[in-house]
Amino acid sequence: MAENDFDEVLTAVGPRLRALRQARGSTLAQIAETTGISLSTLSRLESGGRKPTLELLLPLAQAYGVPLDELVGAPAVGDVRIRQRPFTRNGQTYVPLTRYLGGMHAYKHIVPPRTKDKSARPEQKVHEGYEWLYVLTGRLWVALGEHDLVLGAGEAAEFDTRTPHGFANAGDRPVEFLSLFGPQGERMHVRARPAPG
(Lines give C-alpha, C1' and ligand atoms only; values in the text may rest on other atoms or scores of the structure.)
Protein backbone atom coordinates (compact mmCIF):
# COMPACT_ATOMS: atom_id res chain seq x y z
CA MET A 1 0.00 0.00 0.00
CA ALA A 2 1.40 3.43 -0.96
CA GLU A 3 2.00 5.98 1.80
CA ASN A 4 -0.76 8.29 0.48
CA ASP A 5 -3.23 5.38 0.48
CA PHE A 6 -2.25 4.54 4.05
CA ASP A 7 -2.82 8.16 5.13
CA GLU A 8 -6.27 8.07 3.51
CA VAL A 9 -7.13 4.89 5.42
CA LEU A 10 -6.07 6.51 8.71
CA THR A 11 -8.01 9.70 7.95
CA ALA A 12 -11.19 7.71 7.35
CA VAL A 13 -10.97 5.93 10.74
CA GLY A 14 -12.31 8.93 12.73
CA PRO A 15 -15.63 9.27 10.89
CA ARG A 16 -16.01 5.46 10.94
CA LEU A 17 -15.51 5.38 14.72
CA ARG A 18 -18.08 8.16 15.18
CA ALA A 19 -20.60 6.38 12.93
CA LEU A 20 -20.16 3.09 14.81
CA ARG A 21 -20.62 4.78 18.19
CA GLN A 22 -23.69 6.71 17.08
CA ALA A 23 -25.23 3.64 15.44
CA ARG A 24 -25.03 1.89 18.82
CA GLY A 25 -26.41 4.90 20.66
CA SER A 26 -23.32 5.16 22.86
CA THR A 27 -21.70 8.27 24.26
CA LEU A 28 -17.98 9.01 24.29
CA ALA A 29 -18.07 8.60 28.07
CA GLN A 30 -19.56 5.09 27.79
CA ILE A 31 -16.93 4.03 25.25
CA ALA A 32 -14.18 5.54 27.43
CA GLU A 33 -15.42 3.48 30.37
CA THR A 34 -15.66 0.30 28.29
CA THR A 35 -12.24 0.61 26.62
CA GLY A 36 -10.17 2.44 29.24
CA ILE A 37 -9.27 5.08 26.63
CA SER A 38 -9.62 8.66 27.86
CA LEU A 39 -12.59 10.71 26.71
CA SER A 40 -10.33 13.38 25.19
CA THR A 41 -8.35 10.76 23.20
CA LEU A 42 -11.59 9.28 21.85
CA SER A 43 -12.83 12.73 20.88
CA ARG A 44 -9.58 13.53 19.04
CA LEU A 45 -9.64 10.13 17.29
CA GLU A 46 -13.17 10.77 15.99
CA SER A 47 -12.37 14.32 14.88
CA GLY A 48 -9.10 13.30 13.18
CA GLY A 49 -6.99 15.27 15.65
CA ARG A 50 -5.14 12.12 16.65
CA LYS A 51 -3.84 9.35 14.43
CA PRO A 52 -5.13 5.91 15.40
CA THR A 53 -2.67 3.35 16.70
CA LEU A 54 -3.06 -0.39 17.08
CA GLU A 55 -3.04 0.06 20.87
CA LEU A 56 -6.14 2.28 20.55
CA LEU A 57 -7.91 0.43 17.74
CA LEU A 58 -7.86 -3.06 19.26
CA PRO A 59 -10.03 -2.22 22.31
CA LEU A 60 -12.33 -0.11 20.10
CA ALA A 61 -12.81 -2.98 17.63
CA GLN A 62 -13.66 -5.24 20.58
CA ALA A 63 -16.06 -2.67 22.08
CA TYR A 64 -17.88 -2.24 18.77
CA GLY A 65 -17.79 -5.95 17.93
CA VAL A 66 -16.21 -5.49 14.51
CA PRO A 67 -13.05 -6.97 12.96
CA LEU A 68 -10.04 -4.65 13.01
CA ASP A 69 -9.80 -4.57 9.21
CA GLU A 70 -13.43 -3.41 9.02
CA LEU A 71 -12.75 -0.72 11.62
CA VAL A 72 -9.86 0.73 9.62
CA GLY A 73 -11.50 0.10 6.24
CA ALA A 74 -8.71 -2.15 5.00
CA PRO A 75 -8.94 -2.80 1.26
CA ALA A 76 -10.57 -6.05 0.23
CA VAL A 77 -8.29 -8.94 -0.60
CA GLY A 78 -7.78 -9.34 -4.34
CA ASP A 79 -9.33 -12.03 -6.43
CA VAL A 80 -7.99 -15.32 -5.05
CA ARG A 81 -9.41 -17.54 -7.78
CA ILE A 82 -6.96 -19.60 -9.80
CA ARG A 83 -7.70 -18.99 -13.45
CA GLN A 84 -5.63 -21.71 -15.09
CA ARG A 85 -7.29 -23.32 -18.08
CA PRO A 86 -8.05 -27.06 -18.10
CA PHE A 87 -6.28 -29.10 -20.78
CA THR A 88 -6.70 -32.58 -22.20
CA ARG A 89 -3.90 -35.09 -22.66
CA ASN A 90 -4.30 -38.75 -23.67
CA GLY A 91 -8.07 -38.50 -23.18
CA GLN A 92 -7.77 -37.22 -19.60
CA THR A 93 -8.78 -33.71 -18.53
CA TYR A 94 -6.38 -31.90 -16.21
CA VAL A 95 -7.55 -28.91 -14.14
CA PRO A 96 -4.56 -27.02 -12.68
CA LEU A 97 -5.16 -25.99 -9.06
CA THR A 98 -1.92 -24.05 -8.58
CA ARG A 99 -0.54 -21.11 -10.55
CA TYR A 100 3.15 -21.01 -9.66
CA LEU A 101 5.97 -22.72 -11.48
CA GLY A 102 8.12 -24.10 -8.67
CA GLY A 103 7.32 -26.44 -5.79
CA MET A 104 4.29 -28.66 -5.56
CA HIS A 105 1.81 -28.75 -8.43
CA ALA A 106 -1.85 -29.64 -7.81
CA TYR A 107 -4.27 -30.94 -10.42
CA LYS A 108 -7.76 -32.35 -10.58
CA HIS A 109 -7.90 -35.20 -13.10
CA ILE A 110 -11.05 -36.38 -14.85
CA VAL A 111 -10.72 -39.72 -16.61
CA PRO A 112 -13.69 -40.88 -18.73
CA PRO A 113 -14.74 -44.55 -18.79
CA ARG A 114 -12.80 -46.70 -21.22
CA THR A 115 -14.71 -47.62 -24.36
CA LYS A 116 -12.28 -50.23 -25.70
CA ASP A 117 -9.52 -52.45 -24.35
CA LYS A 118 -11.00 -52.18 -20.85
CA SER A 119 -8.69 -54.91 -19.58
CA ALA A 120 -5.51 -53.42 -21.11
CA ARG A 121 -3.05 -52.37 -18.41
CA PRO A 122 -2.48 -48.60 -18.23
CA GLU A 123 0.60 -47.39 -20.08
CA GLN A 124 3.35 -46.58 -17.57
CA LYS A 125 5.86 -43.76 -17.49
CA VAL A 126 8.83 -42.80 -15.32
CA HIS A 127 10.11 -39.34 -14.34
CA GLU A 128 11.71 -37.47 -11.45
CA GLY A 129 9.48 -36.47 -8.56
CA TYR A 130 6.98 -37.72 -6.03
CA GLU A 131 3.19 -37.94 -6.41
CA TRP A 132 0.27 -38.08 -4.01
CA LEU A 133 -3.27 -38.69 -5.18
CA TYR A 134 -6.75 -38.79 -3.67
CA VAL A 135 -9.83 -40.24 -5.40
CA LEU A 136 -12.94 -38.03 -5.26
CA THR A 137 -15.39 -40.15 -7.27
CA GLY A 138 -15.30 -43.36 -9.28
CA ARG A 139 -12.66 -46.10 -9.32
CA LEU A 140 -9.07 -45.47 -10.36
CA TRP A 141 -6.78 -48.22 -11.65
CA VAL A 142 -3.19 -47.47 -10.64
CA ALA A 143 -0.52 -49.56 -12.32
CA LEU A 144 2.56 -49.08 -10.15
CA GLY A 145 5.55 -51.14 -11.22
CA GLU A 146 4.36 -54.74 -11.16
CA HIS A 147 1.45 -53.95 -8.85
CA ASP A 148 -2.14 -53.12 -9.81
CA LEU A 149 -4.32 -51.21 -7.35
CA VAL A 150 -7.92 -50.06 -7.67
CA LEU A 151 -8.67 -47.04 -5.51
CA GLY A 152 -12.21 -45.92 -4.69
CA ALA A 153 -13.60 -42.60 -3.47
CA GLY A 154 -11.83 -41.45 -0.32
CA GLU A 155 -8.71 -43.52 -0.86
CA ALA A 156 -5.22 -42.03 -1.27
CA ALA A 157 -1.85 -43.26 -2.47
CA GLU A 158 1.66 -41.84 -2.76
CA PHE A 159 4.71 -43.01 -4.66
CA ASP A 160 8.08 -42.09 -6.09
CA THR A 161 7.54 -41.27 -9.77
CA ARG A 162 10.78 -43.04 -10.71
CA THR A 163 8.68 -46.18 -10.28
CA PRO A 164 6.86 -46.97 -13.55
CA HIS A 165 3.26 -45.79 -13.11
CA GLY A 166 0.07 -45.24 -15.08
CA PHE A 167 -3.62 -44.56 -14.45
CA ALA A 168 -6.88 -45.71 -16.02
CA ASN A 169 -10.55 -45.65 -15.23
CA ALA A 170 -11.55 -48.92 -13.54
CA GLY A 171 -15.29 -48.31 -13.69
CA ASP A 172 -18.15 -47.39 -15.97
CA ARG A 173 -18.41 -43.72 -15.03
CA PRO A 174 -15.83 -40.91 -14.97
CA VAL A 175 -13.26 -41.05 -12.20
CA GLU A 176 -12.11 -37.80 -10.61
CA PHE A 177 -9.01 -37.52 -8.47
CA LEU A 178 -6.69 -34.92 -7.03
CA SER A 179 -2.99 -35.17 -7.69
CA LEU A 180 -0.14 -33.35 -5.94
CA PHE A 181 3.15 -33.66 -7.72
CA GLY A 182 6.54 -32.50 -6.49
CA PRO A 183 9.04 -32.37 -9.36
CA GLN A 184 11.93 -32.19 -6.89
CA GLY A 185 10.66 -35.14 -4.86
CA GLU A 186 8.69 -33.15 -2.25
CA ARG A 187 6.55 -35.52 -0.24
CA MET A 188 3.15 -35.31 1.43
CA HIS A 189 2.79 -36.51 5.01
CA VAL A 190 -0.28 -38.68 4.39
CA ARG A 191 0.19 -42.38 3.66
CA ALA A 192 -2.31 -44.94 2.43
CA ARG A 193 -1.23 -48.50 1.78
CA PRO A 194 -3.24 -51.15 -0.02
CA ALA A 195 -4.97 -53.67 2.22
CA PRO A 196 -3.15 -57.01 2.38
CA GLY A 197 -4.52 -59.18 -0.40
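Tutor: Two strands pair if DSSP finds at least two bridges between them. Keep that rule in hand; the model is predicted.

Student: How do you know that β4 and β7 pair?

Tutor: Five bridges join β4 (residues 130-137) to β7, and the two run antiparallel. The rule asks for at least two bridges, so β4 and β7 count as paired. Tryptophan 132 stands opposite glutamate 158 in β7.

Student: What makes β4 and β9 a pair?

Tutor: Seven bridges join β4 to β9, again antiparallel. At least two are required, so the pair qualifies. Glutamate 131 has phenylalanine 181 of β9 as its bridge partner.

Student: What is the order of the strands in the open sheet?

Tutor: The order is β1-β2-β3-β9-β4-β7, six strands with antiparallel pairing.

Student: Why are β1 and β7 called edge strands?

Tutor: Because each pairs on one side only. On average, neighbouring strands of this sheet are turned by 25 degrees against each other, direction ignored.

Student: Why is strand β7 called mostly covered?

Tutor: Buried means under 20% relative accessible area. Four of the five residues in β7 (residues 156-160) are buried, so the strand is mostly covered.

Student: What makes up the lining of the largest pocket?

Tutor: The lining has 28 residues; Asn90, Gln92, Tyr94, Lys125 and Phe167 lie nearest the centre of the pocket. By class, 10 are nonpolar, 11 polar and seven charged. The space in this pocket is about 790 Å³.

Student: Which strand gives the most to that lining?

Tutor: β8 does, with five residues. β1, β2, β3, β8 and β9 each supply at least two.

Conventions: Residues numbered from 1 in each chain as written. Predicted model: local features only at pLDDT ≥ 70, side-chain atom pairs only at ≥ 80, totals over all residues. Heavy atoms only, no water. Buried < 20%, exposed > 50% of the residue type's maximum accessible area, 1.4 Å probe, protein only. 1 Å grid on protein atoms, 1.4 Å probe; cavity = no way out; pocket = protein on both sides within 12 Å on 5 of 7 lines; lining within 4 Å. Points joined across faces, edges and corners; volume = space filled by probe spheres on them. Nonpolar A, V, L, I, M, F, W, Y, C, P; charged D, E, K, R; others polar. Axes fitted to C-alpha atoms, helices over the stretch in contact; angles between N-to-C directions.
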